[in-house]
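Please read the briefing below alongside the sequence and the coordinates. It takes up a few local features, grouped by topic.

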Amino acid sequence: MLPQGTRLLLFRTPDHDLGTLYARTRTNLLILSLHDKDGPAYGATVVHTWSLGLGQPGHASRAASLSRRGAVTEAPPAVVAPPARPVVSSPRRREGRKGDAGTDQLVAWKSVRQERWEGVLEVEGELPLWLDGTYLRNGPGLWDLGDYGFRHLFDGYATLVRVSFRDGHAVGAHRQIESEAYKAAREHGKVCYREFSEVPKPEGFMSLVGQIAKLFSGSSLTDNSNTGVVRLGDGRVLCLTETVKGSIVVNPDTLDTVSKFEYEDKLGGLIHSAHPIVNDNEFWTLIPDLIRPGYVVAKMDAGSNERKFVGRVDCRGGPAPGWVHSFPVTDNYVVVPEMPLRYCAANLLRAEPTPLYKFQWHPESGSYMHVMCKASGKVVASVEVPPFVTFHYINAYEEKDEEGRVTAIIADCCEHNADTSILDKLRLHNLRSFTGEDVLTDARVGRFRIPLDGSPIGELEAALDPEEHGRGMDMCSINPDRVGKEYRYAYACGAQRPCNFPNTLTKIDLVEKTAKNWYEEGAVPSEPYFVPRPGAVEEDDGVAISMVSAKDGSGYALVLDAKTFQEVARAKFPYGLPYGLHCCWVPRDK
């Protein structure tokens with residue numbers, strides 16, 4: 001408890017409706033969550049403290065009963081401002097300059113050279129005549145503001161790439177997504193919103209207090225939608241990141257930024273999964289609850305902007321929800337993962353990142369997989385599983401017995417052997433300074449089996465020998481008709497070692513437990529996206545498309561026959577493109 005008679009100076013953000021107050025005592029800056037009004041008094045949980053002597057955030061779990069009128073009676077005596085936080089006070093030079101092995105060749109980790117471009121692409125090979133539509137790829141493509149270089153791959157401002165295919169020809173384009181974060185950085189020449197590892201530099205103590213207030217109101221969080229791109233059932237194309245405000249509608253033909261996607265509901269939330277599950281009829285998402293650790297499962301119908309509450313999953317571990325960058329579904333169930341890599345409010349407050357950035361590793365808290373019925377919103381299974389670390393789920397499906405009864409849920413992911421070092425290995429300095437040493441974190445196709453018979457324990461094992469794909473596994477896609485259903489093939493990025501980043505494309509056969517791999521020396525391919533041939537019956541009848549940043553500084557869209565996994569064509573850009581993350585396909589008739 002706070003000592004009796006403690007005097008507080010409280011701050012309240014007028015645009016914040018979640019009941020958060022910011023208080024200063026003689027020695028601490030406090031973050032308070034209001035709840036349980038009782039007459040003129042409110043209960044207020046001290047969520048975090050910031051020592052003014054040390055300038056370090058710390059946990060607190062005590063509660064104080066404060067009167068909204070009575071607590072703000074008198075400012076405390078003058079206090080010593082916290083020492084300067086370890087933020088950059090002068091421009092940080094771009095990392096990975098000459099002297100880093102291979103730096104001059106790896107266009108994958110260099111900022112795009114112009115804001116936009118469009119033109120006809122030179123095609124080498126023969127594009128399938130049935131390939132008629134637009135491939136879109138989103139990802140961070142601008143990591144520099146003048147001489148200031150960002151730290152992390154995930155910090156870069158979003159660059160949307162387009163390749164339109166028709167009659168054996170290809171037209172390419174790219175353009176920066178005009179988020180508020182990007183426009184402000186362009187105007188002011190500095191970071192103005194909180195990115196993955198970057199924060200605006202505070203200009204004094206009250207500026208720091210204001211930044212903290214804006215963080216908890218959400219107004220300082222970035223809308224830099226540099227992660228995913230999806231086509232909604234009504235034809236709108238949406239770029240996404242993990243902040244709710246970073247949902248932006250774009251025109252797939254011109255790449256123009258159209259508008260913010262405004263969610264017309266009262267579910268709230270500042271963050272959500274960067275990878276909703278989208279089809280022609282539905283949009284499923286998870287909204288982590290950082291105050292009462294858990295997840296809201298929500299659904300949005302095609303043509304609507306209203307997310308509807310389906311159900312809630314309470315976390316079994318703590319102190320916060322596990323990171324949910326993605327999640328899988330089946331025909332009838334939503335799988336809600338609870339990873340021991342958990343959100344960490346203390347790390348959110350830091351001006352300099354920890355090796356785990358916005359998260360903290362809590363293996364002692366347990367690892368769980370929850371299953372919710374889509375129809376009822378009820379949790380039908382909650383099992384403990386071995387510790388795991390994953391960014392991306394591949395798919396999930398229902399295992400049935402001979403009588404057709406569902407006995408378990410099978411969920412596959414790109415699993416990094418519970419090794420959290422993958423996050424820090426994605427610093428741009430590490431990516432730009434490859435010396436030939438094999439430093440890529442091992443990964444596998446992790447297969448969960450979640451029993452539905454009430455058993456408390458689930459299983460996690462490798463779906464095939466990781467050596468088949470070089471012990472690298474991430475950035476995956478499948479035939480969209482197999483989402484939520486039993487499937488055989490997945491397309492992903494693997495590894496040919498030694499390497500410091502996935503450098504192959506791989507086709508995984510989950511029945512034969514084998515892999516076919518494509519590799520080009522020095523190239524960095526991005527997520528291979530599967531496009532089915534119209535009218536196809538077989539699961540792998542189609543092509544896999546990947547944007548490749550080549551060793552010689554060039555870039556091209558690679559088209560592989562998905563059956564043989566052999567190259568059929570490449571459409572060459574007249575310049576190199578930086579690495580990107582996730583893709584979608586917009587058919588011509590859609």
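This is a predicted model: local features need pLDDT of at least 70, side-chain atom pairs count only at pLDDT 80 or more; totals for chains, interfaces and linings use all residues.

**Helix 1 and its cover**
- Helix 1 spans residues 180–188, and its buried residues are A181, Y182, A184 and A185.
- Because these residues cover an arc of only 165 degrees around the axis, they lie on the same side of helix 1.
- The cover over the buried residues of helix 1 includes strand 10 (140–142) and strand 11 (144–145), together with strand 13 (157–166) and strand 14 (169–176).
- Just after helix 1 comes G189, which takes a positive phi of about 70 degrees.

**Strands 15 and 16**
- In strand 15 (residues 228–231), G228 and V230 point one way while V229 and R231 point the other way, and all are buried.
- Strand 15 pairs with strand 16 in the antiparallel sense over four bridges, and within this pairing V229 stands opposite C239 of strand 16.
- The hairpin formed by strand 15 and strand 16 has five residues between the strands, and in this hairpin G235 adopts a positive phi near 100 degrees.

**S247 and its surroundings**
- S247 is located in the loop that runs between strand 16 (237–240) and strand 17 (248–250).
- S247 counts as buried because its relative accessibility is 0%, and its side chain makes a polar contact of 3.0 Å with the side chain of Y263.
- When neighbours within four places in sequence are left aside, S247 is in contact with L238, C239, L240, K260, F261, Y263 and H272.

Conventions. Residues are numbered from 1 along each chain as its sequence is written. Side-chain values use heavy atoms; hydrogens and water are left out. Helices (H or I, at least four residues) and strands (E, at least two) are DSSP runs, numbered from the N terminus. Buried means under 20% relative accessible area, exposed over 50%, partly exposed in between (1.4 Å probe, protein chains only). A polar contact is a pair of N or O atoms within 3.5 Å; within protein, one must be able to donate a hydrogen and the other to accept it, and residues adjacent in sequence count only if both atoms are side-chain atoms. Contact means heavy atoms within 4.5 Å. Two strands pair if DSSP finds at least two bridges between them. The arc is that of the directions from the helix axis to the C-beta atoms.
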